[in-house]
Amino acid sequence: MKKALLLALMLVVISVLPAYAQQDDFSVVKSVQSAHAVRQNALSTNPDIVWSPDGARLALIDAKDNKLYIVDAQTGRDVASLDTPDIAALAFNHDGSLLAVATGNGVSYVFNSDALVQFGPITGQNAFSALQNNVFRNFLQSNTGSNQWVSLTFSGDSSFILGTTLAKIVAWDVREAGDFGPMLKSGKGGDAPFNAELTVNDKPAFWPNQLYPYKDGIRGLVFDGRNRSMKFSTVTLNADFKKGTVQITDSTDTQLEVAGGVINVAAAYLSADTSTILVATQDEMLRVDSNGKQLTIPYPDGSLKGFAMQINPDGRLLVGRWQDGTVAILDLDTDDQVYSGQAIQQRLSNRLLNSIYYSPDNTKVLFIGDSGVEIWHLDGKLAAPREIVSSAASGDVICSVDLTDTITLLQQAQETTDVDEFVKLMTQARQQLEGYEAECSS
């Protein structure tokens, strides 16, 4: 009777866990397409497109009509659009409930993204009333110039936003409301909340669009281009609105140094959990992880020309793409190629290098072409869903354990007919689980 009860309980556990045990390492289960030609930010050379943290939506600016669109990543279909002039940068907050938009005329809006989706397209006569209903906050920053914004980023707790240009960083306090009516009508006036401004001239420069929410602040990639070399490291930013300052904390050590300086560096990428830096030089790719381990990766065809690349949120996978649409995905920890296939079959121009974007939850990857976007839906152990942004926002430590051995013990216990052996296997499994719990709680 006791064994029957234990077996019943174990079957409940086994019914949940085998999906993990039996998952393939990596597979592409489907792909969907969106017909938007994504606009390219002239200052950062990155397309104007951002993922929601859960990988469910995309926000992008269409190069053909310069409108903002929100796209369902499951279907590739538009779920909302916004016709507002001169949008220059986009950002979702840590849970995807807010969408920030910076405009060239100095007005930045924070929308309730769910309200925008419920409302649908916002154009023409109904634009003003729709914006009034769906704007959560908005802010006025003068002297930005047309299309001078490089990027926007929410802090991990959604309390403030950083807007970056090539010359400065501006922080807005999202918790403080402003009188946005006059700003919506004219782009001027109104009770604008306090904003703190930090000049970054003669300081390590931020790599465009490489900033991520982190706990109650923002973490990103910085580089120093002096002495004929490029030194890359991470940086953490926090806004202190009482003092009117944005505090920058540099990493104590340079994580990656590239000889040849600016001329030799084509692009740099930071993983979403900020653990891994990937730098594309003219000759090879260089990767360094959070433990300081460096890896040199040659280009498959021996040249950077006609090749795009990106790393996944935990920095383990490298996805590469050629001009003809061929895609290869490499596990950097094992040096195994885990996938090869074809993406969009169309010619790409100078946007090829920065044409791949992983979703923050690690379950999707998109490929940008000249006339459309293709979204791949992924599955397997190497595509397991992650909660990088939301965990960072709450201040929790992400704990990852490998349950393979424990699952094997449970399966062996299920198959044995010997009571003593059953008890022994279940005890070992329980001890392993207790060890995992202790490891994560510490």
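## Briefing: salt bridges, aromatic pairs and strands

Arg316 has a relative accessible area of 29%, so the residue counts as partly exposed. Through salt bridges with shared partners, Arg316 belongs to one network with Arg287, Asp331 and Asp333. The model described here is predicted. Five salt bridges and six aromatic pairs are found in the structure.

- Asp331 and Arg316 form a salt bridge through their side chains, with an N to O distance of 3.0 Å. Because Asp331 belongs to strand β26 and Arg316 to the loop between β24 (307-311) and β25 (317-322), this contact ties together parts that are 15 residues apart in sequence.
- Asp331 is buried, because its relative accessible area is 3%, under the 20% cut-off. Arg316, at 29%, falls between the 20% and 50% limits and is therefore partly exposed.
- Asp333 and Arg287 also form a salt bridge, and their closest N and O atoms are 3.4 Å apart. This pair links distant parts of the chain, 46 residues apart: Asp333 is in the loop between β26 (326-331) and β27 (336-342), while Arg287 is in strand β22 (residues 284-288).

**The salt bridge of Asp114 and Arg57**

- A salt bridge joins the side chains of Asp114 and Arg57, with N and O 3.1 Å apart. Asp114 is in helix α3 (residues 113-119) and Arg57 is in strand β3 (residues 57-61), so parts 57 residues apart in sequence are tied together.
- Asp114 is partly exposed, with a relative accessibility of 39%. Arg57 is partly exposed too, at 21%.

**Aromatic rings**

- One of the six aromatic pairs is formed by Tyr299 and Phe307, whose ring centres are 5.8 Å apart and whose planes stand at 70°, an edge-to-face arrangement.
- Phe307 also pairs with Trp322: the centres are 5.2 Å apart and the planes are at 65°, over the 60 degrees required, so this pair is edge-to-face. Phe307 is in strand β24 and Trp322 in strand β25, so the contact ties together parts 15 residues apart in sequence.
- Tyr299 has 4% relative accessible area and is buried. Phe307, at 5%, is buried, and Trp322 is buried as well.
- Which residues form one aromatic cluster? Phe26, Tyr339, Phe367 and Trp376 do.
- Arg219 lies over the face of Tyr214, 3.7 Å from the ring centre.

**A sheet of four strands**

- Four strands make up an open sheet with antiparallel pairing, in the order β1-β30-β29-β28. β1 (27-34) and β28 (356-358) are the edge strands; each has a single partner strand, so one side of each has no neighbour in the sheet. On average, neighbouring strands of this sheet are turned by 20° against each other, with direction ignored.
- β28 runs antiparallel to strand β29 (residues 364-368), and three bridges join the two. Ile356 has Phe367 of β29 as its bridge partner. Phe367 is also a member of the aromatic cluster with Phe26, Tyr339 and Trp376.

- Strand β20 (residues 265-270) is largely enclosed by the rest of the structure, because five of its six residues are buried.
- β20 pairs with strand β21 (residues 277-281) over five bridges, in the antiparallel sense. In this pairing, Ala267 stands opposite Ala280 of β21.
- How many residues lie between β20 and β21 in their hairpin? Six residues lie between them, and Thr274 in the turn has a positive phi of about 60°.

**Thr416 in a loop**

- Thr416 is found in the loop between α8 (404-415) and α9 (419-441).
- With a relative accessibility of 18%, which is under 20%, Thr416 is therefore buried.
- A polar atom of the Thr416 side chain lies 3.2 Å from the backbone nitrogen of Asp418.

Definitions and conventions
Residues are numbered from 1 along each chain as its sequence is written. This is a predicted model: local features need pLDDT of at least 70, side-chain atom pairs count only at pLDDT 80 or more; totals for chains, interfaces and linings use all residues. Side-chain values use heavy atoms; hydrogens and water are left out. Buried means under 20% relative accessible area, exposed over 50%, partly exposed in between (1.4 Å probe, protein chains only). A polar contact is a pair of N or O atoms within 3.5 Å; within protein, one must be able to donate a hydrogen and the other to accept it, and residues adjacent in sequence count only if both atoms are side-chain atoms. Two strands pair if DSSP finds at least two bridges between them. Axes are lines fitted to C-alpha atoms, for helices over the stretch in contact, and angles run from 0 to 180 degrees between N-to-C directions. A salt bridge is a side-chain nitrogen of Lys or Arg within 4 Å of a carboxyl oxygen of Asp or Glu. Rings of Phe, Tyr and Trp (its six-membered ring) pair if their centres lie within 6.5 Å; planes under 30 degrees apart count as stacked, over 60 as edge-to-face and the rest as tilted. A charge sits over a ring if NZ of Lys or CZ of Arg is within 6 Å of the ring centre and within 35 degrees of the ring normal.
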